[in-house]
Amino acid sequence: MAAALGLCFASLLLCSCSPAPNRTAMARSMAPTVVIDAGHGGIDGGAVSDDGTKESDLNLAIALRLECIVRFLGHQTVMTRLDDSRKTDMIGYSERQDLKNRAELVNSVPNAVLISIHQNDFPTAQPRGAQVLYSAYGDSRQLAERIQGNLIEQLDPQNRRLAVSAPRNLYLTANTRCPAVLVECGFMSNNFEVLRLRDSTYQTSLALVIAGSYQSYLNEKTVLQ
């Protein structure tokens, strides 16, 4: 199965990385900068699974892999965090201020596209499956639907979830002025899914699909222009 998945991802990347026929050097220089947000971090661990796995650790592991792949594809990147070195002191910590700082960072990057990595959570253990949320800005929905479709096709054919509009109270997507998606990679409340999310190979698979989907989305935009 691992070999089959590897072949699928290689095919996805080869297909999505093929240059658009009318893509010029100038167009390449104007390509967006991908801002990759590893949700939570430091004292803010996000959701915690039954076995003690912190959402923030999973988010960072996937985001770091995504950043490596996106840079390999030739794109500029900005990370909202690279480790857990910040927010180590509870005194004075404000989640809202942290989100405000992240939004300000995104908005300071010219021609940005935001990909925020998170995990879902639910009071019961039944829900599972990745889901992509998108902001109301620009063509966020197109990127979200591309990622959602490829996550299902490549990693979880039984997943029936659809890409959906992010709630208005979701601070980061509501306060960034660029195409923005938030990828809920799985459910911290589902122990089987947590086992997958903790696996380094699966984390790389998630990053590959997200990166390949972004490149495919970008190529389509270039052709339409």
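Reader: In which strand is the place of His-118?

Author: This is a predicted model, in which local features need pLDDT of at least 70 and side-chain atom pairs count only at pLDDT 80 or more, while totals for chains, interfaces and linings use all residues. Residues are numbered from 1 along each chain as its sequence is written, and side-chain values use heavy atoms, with hydrogens and water left out. Helices (H or I, at least four residues) and strands (E, at least two) are DSSP runs, numbered from the N terminus. His-118 has its place in strand β3.

Reader: Is His-118 buried or exposed?

Author: Buried means under 20% relative accessible area, exposed over 50%, and partly exposed in between (1.4 Å probe, protein chains only). His-118 counts as buried because its relative accessibility is 14%.

Reader: How is a sheet read, and what is the order of the strands here?

Author: Strands of a sheet pair through backbone hydrogen bonds, either parallel or antiparallel. Two strands are taken as paired if DSSP finds at least two bridges between them. In this model, an open sheet of 6 strands has the order β2-β1-β3-β6-β4-β5, and the pairing is mixed. The edges are held by β2 (77–79) and β5; each has a single partner strand, so one side of each is left without a neighbour in the sheet. Strands β1 and β2 run parallel and are joined by 3 bridges. Within this pair, Val-34 stands opposite Thr-77 in β2.

Reader: Which residues touch the most other members of the largest nonpolar core?

Author: In soluble globular proteins, nonpolar side chains tend to be buried together. A nonpolar core is a set of buried Ala, Val, Leu, Ile, Met, Phe, Trp, Tyr and Cys residues joined through side-chain atoms within 4.5 Å. The largest such core here has 39 residues, of which Leu-66, Ile-115, Ile-117, Leu-151, Val-181 and Val-183 touch the most other members. Two or more residues come from each of β1, α3, β3, β4, α5, β6 (180–187) and α8. Helix α8 gives the most to this core, with 10 residues.

Reader: How many salt bridges does a search of the whole structure find?

Author: A salt bridge is a side-chain nitrogen of Lys or Arg within 4 Å of a carboxyl oxygen of Asp or Glu. The search finds 9 salt bridges. In one of them, Asp-51 meets Arg-198 at 2.7 Å, N to O. This pair links distant parts of the chain, 147 residues apart: Asp-51 is in the loop between β1 (33–38) and α3 (55–72), and Arg-198 is in helix α7 (residues 191–198). Asp-51 is partly exposed at 44%, and Arg-198 is partly exposed at 45%.

Reader: Which parts does the salt bridge of Arg-146 and Glu-220 tie together?

Author: The closest N and O atoms of Arg-146 and Glu-220 are 2.2 Å apart. Arg-146 lies in helix α5 and Glu-220 in helix α8 (residues 200–224), so the pair ties together parts that are 74 residues apart in sequence. Arg-146 is partly exposed, with a relative accessibility of 24%; Glu-220 is also partly exposed, at 40%. Elsewhere, Asp-37, Asp-98 and Arg-102 are linked in a network of salt bridges.

Reader: What of the salt bridge between Arg-128 and Asp-156?

Author: Here the closest N and O atoms are 3.2 Å apart. Arg-128 lies in the loop between β3 (112–120) and β4 (131–134), and Asp-156 in the loop between α5 (140–155) and β5 (164–165), so the pair ties together parts that are 28 residues apart in sequence. Arg-128 counts as partly exposed at 27%, whereas Asp-156 counts as buried at 8%.

Reader: Where does His-40 lie, and what is its phi?

Author: His-40 lies in the loop between β1 and α3. Its phi is positive, about 65°, although His-40 is not a glycine. His-40 is buried, with a relative accessible area of 16%.
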